[in-house]
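Hi,

Here is the model I said I would pass on. Have a look at it first, and my notes on what turned up follow below.

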Amino acid sequence: MLRMKISTRLILFFCGVVTLFVLLASALLAQTRTVSAGYAALLGQQVRQAEMARVTQVSFKKQVQEWKDILLRGYAPADLEKYTRQFHDEETRVRSGAVDLARAVTDATCRGLLEQFVAAHQRLSEQYQGAYDVYLGSHFDFRAADKLVRGRDREPTDLFDKVVQQLNDDVVASVAAQERAVARSRSLALILVGGLLGGLGVVGLLTVRDILRRLARLKAVSDRLAAADIDGLAIDISGPDEIGQFGESMKGVHAAIEELSSLAAAAAG
Amino acid sequence: MAGKYLMAAKLTEFYSQAAHEFGLAGRIKLALLTKISSEKAGAVEDSPDNIRVFEQAMQQLRTQAGG
């Protein structure tokens, strides 16, 4: 044990405790920031992309629905104009949504699927336009028009389902990775906190035990001096701390009592 | 002779001097300041360190008596 003044040891111990808590607070803050940043990135990028994909997927389904509405109700000029406009609106939304998403995604598989979808959607648009022209030219013969595009939306639908699935899988994987990172940080923090607290506890225990042991020896000497029991008394308490200094003072008192005793003995003899 | 210093002679002389200058109280104060009683002074070496301690104690007694 280092021989330091008790006051110095107590101050050092106090500083150690304060430093430990500052370190713990800093570590906790840093961990919170890391977790927060990780989830912010996840929400701001992957979750947003998955949401964009779902919106585009719904738009595509609406576009197909608008096509069916054209075939079913297009014989009425007002409905034809209305559903044709809505069909093209959804078509534009699907195209721009898919292109924007292809630019935004970082997953190569997903980007590949989106590029395939954009191409398939372009082909489908041309086929719809052909069928539309037949529909108008045949005086609203929906059977003839439907025959030209029947089942053609299957390929882009399947492709976009795969995009949505892939993006959802990416989000799930990222959340799992984030949770693993949090668990790792938590374990590290627990180990550090446990280690530091344990270390500080051991140092504190050794310090207190050393002080109490030396105080006990000092008290034993003091008791014997108070009882004038100085025969064979050896004061072996030293050191630079307060107890050591007190022990040194005790040696003076011990010597003075010895001197008094010898003088008293001489006077009696 | 014990080791390279004489035993007792010089330190014991300090006690005689303290008794001469300050009486019995001086002896007791000398023991208190040096932490070595006259009995033990007769058993320890007249080492330069011990002599210096006794000289400083005597000086302190003289200062206290003078003050």
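Predicted model: local features only at pLDDT ≥ 70, side-chain atom pairs only at ≥ 80, totals over all residues.

For chain B the mean pLDDT is 87, with 87% of its residues at 70 or more. The model as a whole comes with ipTM 0.84 and pTM 0.62.

Of the 67 residues in chain B, 28% count as buried. Among its contacts with a separation of 6 or more, 67% are between residues 24 or more positions apart.

Now to the packing in chain A. The largest nonpolar core has 27 residues, and those with the most contacts inside it are Trp67(A), Cys110(A), Leu114(A), Phe117(A) and Val163(A). Helices H1 (6-73), H2, H3 (108-137) and H5 (154-226) of chain A each give two or more residues to this core. Which of them gives the largest share? That is H3(A), with ten residues. Apart from this core lies another, of 15 residues, with Ala255(A), Leu11(B), Ile28(B) and Ala57(B) among them. As a general point, nonpolar side chains tend to be buried together in soluble globular proteins.

Leaving out residues up to four places away in sequence, Val163(A) touches Ala53(A), Cys110(A), Leu113(A), Leu114(A) and Phe117(A).

Ala98(A) is another one to look at, in helix H2 (residues 77-104) of chain A. Is Ala98(A) buried or exposed? With 27 other C-beta atoms within 10 Å, Ala98(A) is buried. Beyond its neighbours within four places in sequence, Ala98(A) is in contact with Thr56(A), Leu114(A), Phe117(A), Val118(A) and His121(A). Thr56(A) is 42 residues from Ala98(A) in sequence, yet the two are 6.8 Å apart in space, C-alpha to C-alpha.

On the contact between the chains: ten residues come from chain A and twelve residues from chain B. The chain A side has five nonpolar, two polar and three charged residues.

Most residues other than glycine have a negative phi. Phe140(A), though not a glycine, has a positive phi of about 70°. Phe140(A) sits in the loop between H3 and helix H4 (142-149) of chain A, and with 16 C-beta neighbours inside 10 Å it counts as partly exposed. In chain B, Lys35(B) also has a positive phi, near 65°. Lys35(B) is in the loop between H1 and helix H2 (38-41) of chain B; with 19 C-beta neighbours inside 10 Å, Lys35(B) counts as partly exposed.

Cheers

Methods
Residues numbered from 1 in each chain as written. Chains lettered and ligands numbered in written order. Contact = placed C-beta atoms within 7 Å. Nonpolar A, V, L, I, M, F, W, Y, C, P; charged D, E, K, R; others polar. Buried ≥ 20, exposed ≤ 12 C-beta atoms within 10 Å, placed from the backbone. Helix = DSSP H or I, 4+ residues; strand = E, 2+ residues; numbered from the N terminus. Core = buried A, V, L, I, M, F, W, Y, C linked by C-beta atoms within 7 Å. pLDDT = per-residue confidence, 0-100.
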